[in-house]
Amino acid sequence: MIEPILTIDDLHIEFRGKHRDDNIRAVDGISLSLLPGEVLSLVGESGCGKTTTANAVLGLTPLTSGYISVGGIDIASADRKQMKVARSKMQMIAQDPYESLNPRMIIEDIVTEPLVVHGHRDDLRQRALEALSSAGLTPPEEFIERRPHELSGGQRQRVVIAAALSIDPVLLIADEPVSMLDVSVRAGILNLLKHLAEKKGIGVLMITHDLATVAAYSDRIAVMYLGKIVESGPTLEIIANPEHPYTRALLSVVPNHDPTVKSEPTLLVGETPDASNIPSGCRFHPRCPSVFEPCSQTEPELLRTSADRTCACLLYAEISSPA
């Protein structure tokens with residue numbers, strides 16, 4: 001049996017609000033796992049808790065309760081030495097390649113910086129060349145002496161990925177990795193992440209608000225709304241047959257490549273509620289186009305609707321089993 005690279009179990013993260021009783025439930029009991037060679041996309045609107053989850057995995061945000069394991073290391077209870085080992089197993093790909101690269105450093109130093117931090121001193125230049133090549137910057141000798149301002153946005157993001165690859169991580173966390181890039185280069189970056197997962201066995205956790213961006217590159221999707229997972233499953237199945245009304249609404253605004261297919265977008269009413277004042281019952285019910293009477297009183301559990309799919313919606317409560 002293949003062990004997951006990343007395991008998240010019943011994760012809760014709360015922040016103190018402006019008033020003593022206004023705790024912000026940023027992440028409210030989510031569970032996820034990620035296997036080697038798999039791309040999992042965590043999808044939802046801004047403020048749903050995606051980036052907070054990623055920061056908790058990286059050890060940057062403390063857990064209120066729950067469990068996170070990366071490469072077998074318990075993030076919540078790890079001491080400084082164990083946390084350094086855990087961080088050598090995972091790397092972050094930041095959203096903005098224009099701000100995440102030091103303009104004073106040449107590319108070789110940027111790519112080898114993670115190696116130096118983790119105590120590696122040998123063959124730095126050769127390892128930089130190999131990482132740049134793996135990130136699609138070829139021939140790497142043409143890039144290694146340049147500075148960030150000499151590169152395009154897509155090339156800068158590949159440098160970020162090369163730096164992440166330099167220490168041979170088992171987990172990449174990509175937080176909106178193409179949102180700051182031109183449309184013409186987005187597919188290349190996403191193809192690269194998919195290729196790295198398949199060829200190197202790296203697990204990729206993709207954080208995004210855009211289902212259209214990740215549909216062709218993810219193995220599985222977990223849809224998040226106001227701190228909770230509301231639907232998860234294989235990407236192709238969710239795209240073909242979304243079960244949760246929120247997922248259907250997100251997909252309804254994705255442009256169809258077939259001009260003969262006409263579809264009406266589902267326009268959600270209002271904004272996402274404040275995480276310090278979560279609605280009673282189903283937290284999506286104030287905006288849900290399929291709302292019915294019990295929704296405002298009963299919070300749906302995340303139930304298994306088939307062998308590898310889950311959904312948290314009262315529409316499926318009677319035909320589902322516990323996840």
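1. The second largest pocket has a volume of about 470 Å³, where a pocket is an open set of points on a 1 Å grid over the protein atoms alone, with protein on both sides within 12 Å along at least five of seven lines. The volume is the space filled by probe spheres set on the points, which are joined across faces, edges and corners. This is a predicted model, in which local features need pLDDT of at least 70 and side-chain atom pairs count only at pLDDT 80 or more, while totals for chains, interfaces and linings use all residues. Residues are numbered from 1 along each chain as its sequence is written, and side-chain values use heavy atoms, with hydrogens and water left out.

2. Which residues lie nearest the centre of the second largest pocket? They are Q91, M92, E113, P114 and A163, out of a lining of 20 residues, a lining residue being one with an atom within 4 Å of a point. β6, α3 and α5 each supply at least two residues of this lining, and the largest share, four residues, comes from α3. Helices (H or I, at least four residues) and strands (E, at least two) are DSSP runs, numbered from the N terminus. By class, the lining of this pocket divides into 13 nonpolar, five polar and two charged residues; Ala, Val, Leu, Ile, Met, Phe, Trp, Tyr, Cys and Pro count as nonpolar, Asp, Glu, Lys and Arg as charged, and the others, Gly among them, as polar.

3. Helix α5, residues 153–165, deserves a point of its own. Twelve of its 13 residues are buried, so α5 is largely enclosed by the rest of the structure; buried means under 20% relative accessible area, exposed over 50%, and partly exposed in between, with a 1.4 Å probe and protein chains only. Among the buried residues of α5 are R156, R158, V160, I161 and A163. The buried residues pack against β6 (90–93), α3 (107–117), α4 (124–134), β7 (171–175) and α6 (183–200), with contact meaning heavy atoms within 4.5 Å. The end C-alpha atoms of α5 are 19 Å apart, which agrees with the 18 Å that its 13 residues should span at 1.5 Å a residue, the expected span being 1.5 Å times one less than the number of residues.

4. Helix α6, one of the elements against which α5 packs, has 18 residues and reaches 26 Å from its first C-alpha to its last, close to the 26 Å expected. Its buried residues are I189, L190, L192, L193, K194, L196 and A197, and the helix is followed by G201, whose phi is positive, near 75°.

5. Is strand β3 (residues 39–43) enclosed or open? Five of its five residues are buried, so β3 is largely enclosed by the rest of the structure. In a regular strand the side chains alternate between the two faces of the sheet. In β3 both faces are covered, with V39, S41 and V43 buried on one side and L40 and L42 buried on the other. Five bridges join β3 to strand β8 (residues 203–208) in the parallel sense, two strands being paired if DSSP finds at least two bridges between them, and S41 stands opposite M206 in β8. Four bridges join β3 to strand β9 (residues 220–225), also running parallel, and there the bridge partner of L42 is A222.

6. An open sheet of four strands has the order β2-β1-β4-β5, with antiparallel pairing. β2 (24–34) and β5 (73–74) stand at the edges, each with a single partner strand, so one side of each is left without a neighbour in the sheet. Within this sheet, β1 (residues 6–15) is joined to β4 (residues 65–70) by five bridges, and L6 has V70 as its bridge partner.

7. The structure holds one cavity of 30 Å³ or more, a cavity being a set of points where a 1.4 Å probe fits but cannot get out. About 70 Å³ of space lies in the largest cavity, and its lining has nine nonpolar, three polar and no charged residues, including C282, F284, H285, C288 and C313.

8. Some backbone angles are worth checking. Most residues other than glycine have a negative phi, and most peptide bonds are trans. D123, in the loop between α3 and α4, has a positive phi of about 50° and counts as exposed at 58% relative accessibility. D168, in the loop between α5 and β7, has a positive phi of about 55° and is likewise exposed, at 57%. The peptide bond from T138 to P139 is cis, with omega near -10°, and P139 is found in the loop between α4 and α5.
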